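Hi,

Here is the structure I said I would pass on.

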Amino acid sequence: MQFHGLIHTFPKEIKLFIGVFIIVLSIGYFTGLLFVNETSTTDPNGIEENYLGNEDDEDAEVMKFKKGEREMLTIIHTHILSMSFIFFLLGGILAVTSIHKKLKLFLMVEPFLSIILTFGGIYFMWIGISWMKYVVIFSGILMTATFSMGAILAFWQLFQKK
């Protein structure tokens with residue numbers, strides 16, 4: 001079955017449904033990033049502090065404690081599952097677009113690697129491998145870039161005439 005470019009043949013109602021879904025999905029994704037920014041985890045030390053605590057810093061504005069194993073497993077479990085669904089659904093929409101096949105494949109597969117690197121990196125950082133905070137930042141940025149590009153291209157394809 002040929003999927004490439006199939007999106008252009010969808011009825012207007014289905015295109016509207018997909019377009020609204022992409023908008024709401026994007027609002028949810030970027031709201032999550034706002035939360036990350038509020039927890040001061042947008043720089044290497046902030047990421048480390050968020051999971052490992054800052055009890056040793058007497059000058060800290062907000063006292064943070066090292067997360068427990070149960071809390072870490074809950075964070076990692078829920079994020080890996082929910083983000084897998086987000087990227088599976090967006091990847092399914094991208095699969096039927098007419099964008100370049102190699103770019104499409106990258107946008108469909110890369111986010112899953114970034115999910116593993118980001119949340120695996122958080123876990124390894126938590127158990128003491130502190131340089132993983134840089135992997136977390138890199139993979140998180142790459143995941144956000146692929147989400148943004150994928151959502152924009154999918155939305156654009158909905159209303160492009162072929």
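**A buried pair, and what surrounds it**

Both Glu 48 and Lys 133 are buried. The two form a salt bridge, with the closest N and O atoms 2.8 Å apart. The pair ties together distant parts of the chain, as Glu 48 sits in helix α2 and Lys 133 in helix α5, 85 residues apart. Before you read too much into any of this, keep in mind that the model is predicted.

A search of the whole structure gives two salt bridges. Besides the Glu 48 and Lys 133 pair, there is one where the side chains of Lys 67 and Glu 71 meet, at 4.0 Å from N to O. Lys 67 counts as buried because its relative accessible area is 16%, under the 20% cut-off. Glu 71, on the other hand, comes out at 41% relative accessibility, so it is partly exposed.

**The overall picture**

The protein has five helices and zero strands, so if you read along the sequence you get α-α-α-α-α. The C-alpha trace spans about 60 × 25 × 25 Å along its principal axes. There are 162 residues, and 37% of them count as buried. If you take the contacts between residues at least 6 apart in sequence, 73% join residues at least 24 apart. The accessible surface comes to about 10,100 Å², and carbon and sulfur atoms account for 70% of that.

Helix α1 covers residues 12–38.

Ser 26 is one I looked at individually: its relative accessible area is 15%, so it counts as buried. Leaving aside residues up to four places away in sequence, Ser 26 touches Phe 147 and Ala 151.

There is also a nonpolar surface patch of about 660 Å², made by Leu 16, Val 20, Ile 23, Val 24, Ile 27, Phe 155 and Phe 159. Helix α1 supplies the largest share of that patch, with five residues. Phe 159 lies in the segment after α5, which runs over 132–158.

The buried residues of α3 are Met 72, Ile 75, Ile 76, Met 83, Ile 86, Phe 87, Leu 90, Gly 91, Ile 93 and Leu 94. These pack against α1, α2 (44–52), α4 (101–126) and α5.

Ser 98 is in the loop between α3 and α4. Its side chain makes a polar contact with the side chain of His 8, at 2.8 Å. The C-alpha atoms of Ser 98 and Leu 153 are separated by 9.7 Å, although the two residues are 55 apart along the chain.

That's what I have for now.

Cheers

Key: Residues are numbered from 1 along each chain as its sequence is written. This is a predicted model: local features need pLDDT of at least 70, side-chain atom pairs count only at pLDDT 80 or more; totals for chains, interfaces and linings use all residues. Side-chain values use heavy atoms; hydrogens and water are left out. Helices (H or I, at least four residues) and strands (E, at least two) are DSSP runs, numbered from the N terminus. Buried means under 20% relative accessible area, exposed over 50%, partly exposed in between (1.4 Å probe, protein chains only). Contact means heavy atoms within 4.5 Å. Patches are made of residues with over 30% relative accessible area and no salt bridge: like charges are joined within 9 Å, nonpolar side chains (Val, Leu, Ile, Met, Phe, Trp, Tyr) within 5 Å. Accessible areas come from the Shrake-Rupley method with a 1.4 Å probe; for residues, only the protein chains shown count as cover. A polar contact is a pair of N or O atoms within 3.5 Å; within protein, one must be able to donate a hydrogen and the other to accept it, and residues adjacent in sequence count only if both atoms are side-chain atoms.
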